[in-house]
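Dear colleague,

I am passing on a structure that I would like you to look through with care. Please open it first, and then read the notes below alongside it.

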Amino acid sequence: MSPPPDLRVPLPGLVWGAYPERQSPPPTRWPWSRAPYRSHLQAVRRAGPGWRELSEVAFIARVRAVQARIGRDGLSAEHVTEALAAAVEAARRTLGLAAYDGQIRAALVMLDCRVAEMATGEGKTLSAALAAAVGALAGMPVHVLTANDYLVERDARKLAPMYAALGLRAGFVIGPHDEATRRAAYAQPICYVTARELVFDYLRDGQRRGFVRGDLSRRAAALRGGDAGRPLLRGLCMAVIDEADSLLIDEAMMPLILSRQVRNSAARAFFWQAWQLAGGLEAGEHFTVDAPAMRVQLTPAGSDLLRQRAGALGGRWRSLRLREEAVSMALAALHAYRRDVHYLVRDGRIEIIDELTGRAAPGRVWSRGLHGLVELKEGCRASPSTETLAQITFQRFFPRYHRLGGMSGTLREARGELREVYGLDVVCIPSRLPPSRKALPGRIYKSRIALWDAVARRVAEFLGHGRPVLVGTSSVAESEALSARLAAAGVAHRVLNARFDAEEAAIVAQAGEPGQVTVATNMAGRGTDIPLAAGVAGAGGLHVMCCQFNVSRRIDRQLEGRCARQGEPGSVERWISLETPRAAGVPLLAAVAHRCRADDTGRLQLQPRLLALLLAWSQRRQEGRERRARRALLESDREWEQGLSFGGPGE
């Protein structure tokens with residue numbers, strides 16, 4: 001007798017196919033259908049002593065017996081709690097880590113195909129490992145997705161002894177790995193990988209089989225191609241996502257494009273001509289710049305002048321739409337896209353800066369010729385032209401997993417969208433210790449210079465008490481401007497931005513030392529703990545200064561969560577200026593601020609409560625706009641895919 005449908009284990013084979021993946025949208029998970037996590041947690045705790053008494057030989061024999069029962073009966077509550085108790089004991093024996101109730105509960109939530117909101121510092125790495133171990137014991141290929149290559153390799157190596165005690169192996173995939181290494185890693189029961197690497201490998205598999213999703217067609221493609229036709233992955237059976245909100249919400253619309261290099265000298269010449277024409281246009285008279293939207297709009301005078309100058313070029317320049325689009329893009333590259341804010345120039349190449357993380361994104365390029373135009377602007381060597389072979393977004397990719405779970409410290413604000421798009425219910429895990437974070441009143445200054453002067457004085461004040469300080473800024477340029485001001489004030493500090501991403505973990509690990517000052521862009525360092533050195537907690541803990549205005553309250557909470565972890569003391573405050581990026585676009589803020597007097601330091605006498613209200617209102621409006629944009633893109637993608645359903649998925 002086969003197990004009920006909701007308990008069955010998806011794995012490669014005759015039943016689920018050689019490459020299992022969900023063909024239809026996932027079912028919606030509602031709060032009233034949650035498993036009784038508290039009773040399951042108690043069952044895991046009750047089973048613990050029985051596992052603890054076993055010798056190594058008896059332990060692995062009992063693990064094999066649990067695996068056999070899961071294969072026969074499916075992922076029933078009894079078998080899940082038994083397997084989870086084995087994983088908890090394996091972590092204790094090999095890593096010396098005693099799992100907390102919150103970590104076990106989070107693992108149960110993820111195994112129930114939901115996402116867990118865990119406060120920062122509550123041990124998400126072990127929670128993910130426990131869930132992955134149970135999934136792998138059930139026979140499913142498990143993908144554990146984390147933030148960057150450093151964390152991928154670190155976690156896979158660190159947790160290998162725990163998995164080995166259960167008779168499992170963990171592989172990992174990072175950017176430099178070749179195809180053979182990737183295939184071997186994905187063949188392991190558990191594979192640690194970043195989402196970008198995973199999605200591109202999935203697209204490569206789709207290219208091999210011609211983007212058909214029928215099992216017979218897959219097998220035929222593999223036979224025709226021999227080893228070259230064999231897929232890298234073993235399907236989309238189960239995924240555990242760390243920092244789930246980043247992938248499922250913040251980066252949901254980012255197109256992941258698989259491309260190849262082509263020779264296209266005509267297109268390169270066309271954009272060079274666009275660059276030359278753009279140089280002859282005057283701001284205000286011939287075009288206007290919408291900086292927040294990163295767009296340029298030609299005025300009627302600009303359109304007339306462009307028509308006159310492009311007339312002699314002939315060819316595609318006779319097309320009104322093409323010439324205005326190309327020249328507008330060249331103007332945007334010249335006036336809207338800024339060095340050290342939107343991109344870096346490193347080793348003669350343009351590297352895009354991820355707006356959300358502040359990290360450089362090597363290999364990512366702007367489409368439709370924009371990347372080549374920015375290269376012209378900076379005098380860099382032109383990169384080869386490319387053509388798109390396949391593309392997909394995270395919000396179309398992740399619903400294809402049969403079993404999907406994850407965790408993050410900031411999920412509750414997005415619970416409606418997570419349920420609507422991915423069928424995921426958010427479960428909040430209580431902290432092990434009560435939080436002791438102090439939120440200090442916010443401030444706003446007239447200018448960026450006044451802000452940096454005030455921040456330098458504030459940092460020196462905290463250093464006098466022996467407390468470390470973490471300052472969050474919005475861009476590389478902002479972080480370097482503050483760094484210059486701190487250096488002028490004689491304040492020793494370290495900078496963590498896209499220029500220093502290779503040293504990220506080391507810089508973050510030392511950010512809790514007494515008197516250490518760290519200036520970071522956005523959420524650089526996310527996923528790495530900031531341990532407090534001896535004596536720092538007694539002095540008041542880590543102080544976080546947020547000198548940026550984020551588009552979402554969730555991102556604010558991510559930065560705030562860097563301090564006061566696991567019941568430790570800490571404090572946070574937000575200081576911005578009217579010149580802080582995005583602050584100028586806050587409705588009513590400029591009007592209210594101009595009515596306020598400024599003191600000798602340039603601080604505007606605006607009530608902190610009113611400032612917080614205006615910023616929160618703006619964030620809610622922006623979150624709503626972005627949520628509607630993601631929904632519209634997803635509906636458009638689904639309609640397009642259905643229209644092409646006779647040819648396979650819409651990649």
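Which kind of contact joins the side chains of D201 and R204? They meet in a salt bridge, with 2.7 Å from N to O, where a salt bridge is defined as a side-chain nitrogen of Lys or Arg within 4 Å of a carboxyl oxygen of Asp or Glu.

Before going further, please keep in mind that this is a predicted model, in which local features need pLDDT of at least 70 and side-chain atom pairs count only at pLDDT 80 or more, while totals for chains, interfaces and linings use all residues. Residues are numbered from 1 along each chain as its sequence is written, and side-chain values use heavy atoms, with hydrogens and water left out.

Salt bridges

Both D201 and R204 belong to helix α8 (residues 195-209), where they sit three residues apart, about one turn of the helix; helices (H or I, at least four residues) and strands (E, at least two) are DSSP runs, numbered from the N terminus. An α-helix has 3.6 residues a turn, so residues three or four places apart point the same way. D201 counts as buried because its relative accessibility is 0%, whereas R204, at 30%, counts as partly exposed; buried means under 20% relative accessible area, exposed over 50%, and partly exposed in between (1.4 Å probe, protein chains only).

A salt bridge also links the side chains of E89 and R93, again with 2.7 Å from N to O, and these two residues are four apart in helix α3 (residues 77-95), about one turn of the helix. E89 is buried, with a relative accessible area of 3%, while R93 is partly exposed at 31%.

The side chains of R346 and E351 form another salt bridge, with 2.7 Å from N to O; R346 is partly exposed at 22%, and E351 is buried at 14%. There is also a network of salt bridges that links R29, R34, D112, R114, R419 and D425, and a search of the whole structure finds 40 salt bridges.

Helix α12

In helix α12 (residues 300-310), the buried residues are G302, S303, L305, L306 and A310. Seen down the helix axis, these buried residues fall within an arc of 165°, so they line one face of α12; the arc is that of the directions from the helix axis to the C-beta atoms. P300 and Q308 are exposed on the other side of α12.

Backbone angles

Most residues other than glycine have a negative phi, and most peptide bonds are trans. E243, however, has a positive phi near 50° and is not a glycine; E243 lies in the loop between β5 (238-242) and α10 (244-250), and is buried with a relative accessible area of 9%. A564 is likewise not a glycine and has a positive phi of about 55°. The place of A564 is in the loop between α21 (553-560) and β21 (569-577), and A564 counts as buried at 9% relative accessibility.

G13 is in the segment before α1 (37-52) and is partly exposed, with a relative accessible area of 25%. The C-alpha atoms of G13 and A68 are separated by 17 Å, and these residues are 55 apart along the chain.
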